[in-house]
Amino acid sequence: MSDTPMIDQLETGPWPSFIKDIKRMAEKNAMCKDLLGLLEMSYKDKKTHWKHGGIVGVRGYGGGIIGRYSDSPEKFPNVSHFHTVRVNQPSAWFYNTGALRYLCDLWEKHGSGLTNLHGSTGDFVMLGTTTDQLEPIFTDLSEHGWDLGGSGSDVRTPSCCNGMARCEFACYDTMNLCYDLTNEYQDELHRPAFPYKFKFKMSGCPNDCVASIARSDCSIIGTWRDDIQQDDAAVAEYAKGGKVDIANDVVGKCPTGCMSWNGSKLSIDNKNCNRCMHCINVMPKALRPGKDKGAMILLGAKAPIVQGALLSSVLVPFIKMEPPYEEFKDLIRRIWEFWDEHGENRERIGEMIVRIGKGNFVEEVGLEPVPAMIKEPRSNPYIFYEEYFDEE
Amino acid sequence: MASLEEIKDYLFHKVESYAGKKQVKVPHLTQEIIEHFGEAECSKKDVKEALKELIDEEKLVYGYYGGTTIELPHVEGSANA
Ligand code: HEM
Ligand code: HEM
Ligand code: SF4
Ligand code: SF4
C-alpha cells in the first residue's frame with residue numbers, strides 16, 4: 001500500500017494534480033518526498049503542520065522571502081524549513097526559454113524544484129528552500145540580472161498586462177510603466193517601511209486583464225478622453241449577414257444607453273460613454289479607443305482579511321501616462337506621505353480612506369473633487385459640493 | 001541637528017528595549033524617534049537613513065509578524081531542527 005493514501009485521492013480527478021507534480025519531483029528531490037509525507041499527515045490530523053513567519057531574508061532586504069517552518073522536523077527533516085522565494089517577474093511575464101531554464105535549474109539546485117507561475121502577487125514563485133540556501137540563491141539571481149520581489153509592509157512587485165506588446169486596446173505602455181515604477185521604487189520595495197503592503201497593478205484599458213481594480217491598492221487603467229474611433233464601413237461589414245446583432249448585442253448592452261442604431265448607421269453619444277469597452281470588444285474592427293489616450297488612477301482595493309472586499313475607486317479620471325511619469329509619481333508621493341502619517345498598523349490605504357472619508361482624503365492629497373469620483377458605476381459622487389460652492 | 005550616529009544609536013537601543021516584549025514596526029519606531037529628538041532635529045528621512053545603515057551593518061534585521069517588524073538578529077526558534 002502507498003504511504004500516502006489520502007493525498008493519492010487528489011490524483012484521481014480529471015484535472016491537473018499538484019500531488020502528481022510533487023511526486024514527479026520527489027523521484028529526484030528529498031524535500032518533495034518529505035513534503036508528501038507532511039501533507040499526508042496534515043490530511044490525517046486535519047491540521048496544518050506548518051508554522052508561519054519569523055526572520056528570513058537576505059542581507060539588506062526586508063522583502064522577497066516568506067519563511068515557513070514545519071512543526072515536525074524529526075519526522076520530516078528535509079522540510080523542516082520550506083521558505084518561499086519571490087522573484088520579480090519581467091513586465092507582463094515575457095520570458096525566453098533560456099530565462100525559464102535558468103530559473104528552473106537554479107531552483108532544482110537550491111530548493112525543492114517546485115514553482116508557482118505566477119502568484120497573484122505577480123512574482124515568479126519558488127516554493128521550498130532552507131535558510132542556508134537563501135544568500136547563495138540571491139547572489140546567483142543577482143549575477144544573472146534578476147531581483148527579489150516584495151513581501152511584508154512594502155511596495156509589492158508591480159505587475160501589468162501585456163499592453164502594447166500584444167494588444168491593440170492598450171491606451172498607454174503598461175510594460176514601460178511597470179518597469180519604470182519597479183526601478184523608481186527599489187527602496188520602497190526592498191526596505192519595508194509602510195503601515196502595510198502597497199500594490200500597483202497596470203492594465204492598458206478598462207478590460208483590466210490583470211484585475212487591478214480588485215487586487216491593487218493603486219490601479220492604473222488605460223482610458224481615453226475623446227471619442228471612440230469608429231469605422232462605418234467596418235460596422236456595415238459586421239451588420240452584413242447578421243454576423244453581429246448590433247441592435248441587441250451592442251447597442252442593447254451598452255450600460256449607459258448612449259448608443260443607437262437605425263439599421264444602417266451606428267451613433268455614439270460619446271459624452272455619456274463610460275468607456276466600459278463592451279462595444280469595442282464585440283466589434284474590434286469597427287470601433288477602437290479614442291486617440292487622446294491616458295489612464296485613470298484608482299485607489300484602495302483589497303481582498304478581505306479584516307473587513308469585506310474592497311474594489312479600488314476613481315481618484316484621477318484622466319492623466320497622461322508618458323515617461324517620466326512625473327505627475328503620477330508626485331501624486332503617489334503625496335498619497336504615501338499621508339498614509340504614512342495617518343495609516344494605522346496593518347491598515348491598507350483603502351481601509352484608511354473608508355475610515356477617514358474619501359472627501360477628506362481627496363482634499364488632503366491636494367486633488368480637486370470631480371463628479372467622476374464615485375465608488376462604482378451609477379452611484380453618486382462621494383463629494384459634497386456645497387462647501388466648495390460656499391468658498392467661492 | 002542630531003547626527004546620524006546619534007539617531008542610529010538611539011534607534012538601536014529602542015529596538016533592543018523591545019526585544020522579547022513587543023513586535024515593533026517601522027512607522028511606530030519612526031514616530032518615537034522623531035518625538036525623542038524633536039522634528040527640528042530629526043526628520044523621517046534621517047530615521048530612514050539610520051535604519052538603512054543599521055540593517056546593512058546587520059545590527060538589526062527585518063522580521064515578520066502581521067507586517068514587517070524590526071528585530072535584533074537571532075536564530076529563529078522554529079528553525080531548531
Ligand atoms: C488552508 C490553508 C491555506 C489557505 C486557504 C491559503 C491561502 C492562500 C492564498 C489565497 C494565497 C494567495 C495566493 C497567491 O498569491 O497566488 C496564499 C499565498 C501563500 N501561501 Fe497559503 N494558504 C494556505 C496554506 C498555506 C501553507 C500550508 C503554506 C506553506 C507551507 C502557505 C504558503 C503560502 C505562501 C508562501 C504564499 C505566497 C505565495 C505567493 O507569493 O504567490 N499557505 N495562501
Ligand atoms: C419619504 C419618501 C421617500 C423616501 C425616504 C425615498 C428614499 C429613496 C432613497 C434613499 C433612494 C436611493 C437614492 C440613491 O440611489 O442614492 C430612492 C431612490 C428612488 N426613489 Fe425614492 N424615496 C421616497 C419617495 C419616493 C417617491 C414618492 C417616488 C416616486 C414617485 C420615489 C422614486 C424613487 C426612484 C425612481 C428612485 C431611484 C432613483 C435612481 O435611479 O437613482 N421615491 N428613494
Ligand atoms: S487590459 Fe486592455 S490593453 Fe491590457 S491586455 Fe487586456 S484588453 Fe489589452
Ligand atoms: S464603451 Fe461601453 S459605454 Fe461606451 S459606448 Fe461602448 S458600450 Fe457604451
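Student: What are the ground rules for numbering and confidence?

Tutor: Residues are numbered from 1 along each chain as its sequence is written, while chains are lettered from A and ligands numbered from 1 in the order in which they are written. In this predicted model, local features need pLDDT of at least 70, side-chain atom pairs count only at pLDDT 80 or more, and totals for chains, interfaces and linings use all residues; side-chain values use heavy atoms, with hydrogens and water left out.

Student: Why is Ser159(A) called buried?

Tutor: Buried means under 20% relative accessible area, exposed over 50%, and partly exposed in between (1.4 Å probe, protein chains only). Ser159(A) has 1% relative accessibility, so it counts as buried.

Student: Which residues does Ser159(A) contact, beyond its neighbours within four places in sequence?

Tutor: Contact means heavy atoms within 4.5 Å. Ser159(A) is in contact with Gln89(A), Trp93(A), Thr121(A), Gly122(A), Cys178(A), Phe200(A), Lys201(A) and Met202(A), with neighbours within four places left aside. Ser159(A) sits in strand β7 (residues 159-160) of chain A. Helices (H or I, at least four residues) and strands (E, at least two) are DSSP runs, numbered from the N terminus.

Student: Why is Asn274(A) called partly exposed?

Tutor: Its relative accessibility is 37%, so Asn274(A) counts as partly exposed. Asn274(A) lies in the loop between β12 (266-268) and α12 (278-282) of chain A. Leaving aside neighbours within four places in sequence, Asn274(A) contacts Pro255(A) and Thr256(A).

Student: What makes the pair Asn274(A) and Cys276(A) a polar contact?

Tutor: A polar contact is a pair of N or O atoms within 3.5 Å; within protein, one must be able to donate a hydrogen and the other to accept it, and residues adjacent in sequence count only if both atoms are side-chain atoms. A polar side-chain atom of Asn274(A) lies 3.3 Å from the backbone nitrogen of Cys276(A).

Student: Which residues surround ligand 1?

Tutor: The shell holds Trp50(A), Arg68(A), Thr84(A), Arg86(A), Asn116(A), Gly119(A), Ser120(A), Thr121(A) and Val125(A). A residue is near a molecule or strand if one of its heavy atoms lies within 4 Å of it. An oxygen atom of ligand 1 is 2.6 Å from a side-chain N or O atom of Arg86(A). For Ser120(A), the corresponding distance to an oxygen atom of ligand 1 is 2.7 Å.

Student: How do the residues of that shell divide by class?

Tutor: Two are nonpolar, five polar and two charged. Ala, Val, Leu, Ile, Met, Phe, Trp, Tyr, Cys and Pro count as nonpolar, Asp, Glu, Lys and Arg as charged, and the others, Gly among them, as polar.

Student: What makes Lys44(B) and Asp340(A) a salt bridge?

Tutor: A salt bridge is a side-chain nitrogen of Lys or Arg within 4 Å of a carboxyl oxygen of Asp or Glu. The closest N and O atoms of Lys44(B) and Asp340(A) are 3.2 Å apart. The count between chain B and chain A is six salt bridges.
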